[in-house]
Amino acid sequence: MTADVDTALDRTQCMALLAVCRYGRAVFTEQALPVVVPVPFLLDADGIVIGDGGDGRLDPLGDGDVVLFQADRMDPGGGNAESVTVTGNIHGIGDLDEFDRLTRFAPNSWHPGSGERAMRIDLALVRGRRYRLNIGRP
C-alpha cells in the first residue's frame, strides 16, 4: 500500500491488511475491567476468526458480547506502521463442518487443539490508519 502516512485507511485497505496479518489482540471487559488477549487469527468472509487456545483466557466472553480486535503491521525500515481495529459481536462457531473448514485454511500460527473453541467477530465497525514510527528519534 502506498499513500501518505498519518492517514485513515478505507475499508478495502483495512481488509487487505487483516488478510496478511496473523496475530492480533482481542479486547473485552471482565468485571468492568479491560482485558487484552493476544491471539492468532484468520480473516474469512464473515469476520475475524479466533481460537480460544483451550486455556480459558477467553472464557468470560459470551455469545453476542461486543469485542474490539486490533492487528498491526510495522515497517521499521520504511518508518511506517498500519493498524486496524474491528469492533463487533463475537459468536461461537459450533458447527463442526464449519470449524473443520476454517482450520484447514488456518495460518501456520494457529493449529487449533482438541477442546479448543473457534469464535467469529463480525465486521460491524472497521477502522484503520497509517502512521509514521518514531524509531530512533527523540
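This section describes the fold, the strand pairing, the nonpolar cores and selected side-chain contacts of the chain.

The structure is a predicted model, in which local features need pLDDT of at least 70 and side-chain atom pairs count only at pLDDT 80 or more, whereas totals for chains, interfaces and linings use all residues. Residues are numbered from 1 along each chain as its sequence is written, and side-chain values use heavy atoms, with hydrogens and water left out.

The chain contains two helices and eight strands, where helices (H or I, at least four residues) and strands (E, at least two) are DSSP runs numbered from the N terminus. Along the sequence these elements follow the pattern β-α-β-β-β-β-β-α-β-β. Of the 138 residues, 38% count as buried, a term that denotes under 20% relative accessible area, with exposed meaning over 50% and partly exposed the range in between (1.4 Å probe, protein chains only). The chain exposes about 7,800 Å², of which carbon and sulfur atoms supply 51%; accessible areas come from the Shrake-Rupley method with a 1.4 Å probe, and for residues only the protein chains shown count as cover. Among contacts (heavy atoms within 4.5 Å) with a separation of 6 or more, residues 24 or more positions apart account for 69%.

Strand pairing was assigned where DSSP finds at least two bridges between two strands. Strands β2 (23-30) and β3 (33-44) run antiparallel and are joined by eight bridges, with V36 in β3 as the bridge partner of V27. These two strands form a hairpin with two residues between them, in which Q31 takes a positive phi near 50°. Strand β3 also pairs with β4 in the antiparallel sense, over four bridges, and D44 has G47 in β4 as its bridge partner. The hairpin of β3 and β4 likewise has two residues between the strands.

With β5 (residues 66-75), β6 forms ten bridges in the antiparallel sense, and N80 in β6 stands opposite D75. An antiparallel pairing over eight bridges connects β6 to β8 (residues 125-132), where R127 of β8 stands opposite T85. Strand β7 (residues 118-121) pairs with β6 over three bridges, also in the antiparallel sense, and I121 in β7 is the bridge partner of I90.

The largest nonpolar core comprises 25 residues, of which I48, I50, F69 and V86 touch the most other members. Such a core is a set of buried Ala, Val, Leu, Ile, Met, Phe, Trp, Tyr and Cys residues joined through side-chain atoms within 4.5 Å. At least two residues of this core come from each of α1 (11-20), β2, β3, β4, β5, β6 and β7, and β3 gives the most, with four residues. A second, separate core of six residues includes L42, V49, F99 and A118. I50, located in strand β4 (residues 47-51), is buried, with a relative accessible area of 0%. The C-alpha atoms of I50 and I93 are 9.9 Å apart in space, although the two residues are 43 apart in sequence. When residues up to four places away in sequence are not counted, V86 touches residues including L18, I48, V67, F69, I121 and V126.

One aromatic pair was found under a rule by which rings of Phe, Tyr and Trp (its six-membered ring) pair if their centres lie within 6.5 Å, with planes under 30 degrees apart counted as stacked, over 60 as edge-to-face and the rest as tilted. The ring centres of F41 and F69 are 4.8 Å apart and their planes stand at 70°, so the pair is edge-to-face. Because F41 lies in strand β3 and F69 in strand β5, the pair ties together parts that are 28 residues apart in sequence. Both F41 and F69 are buried.
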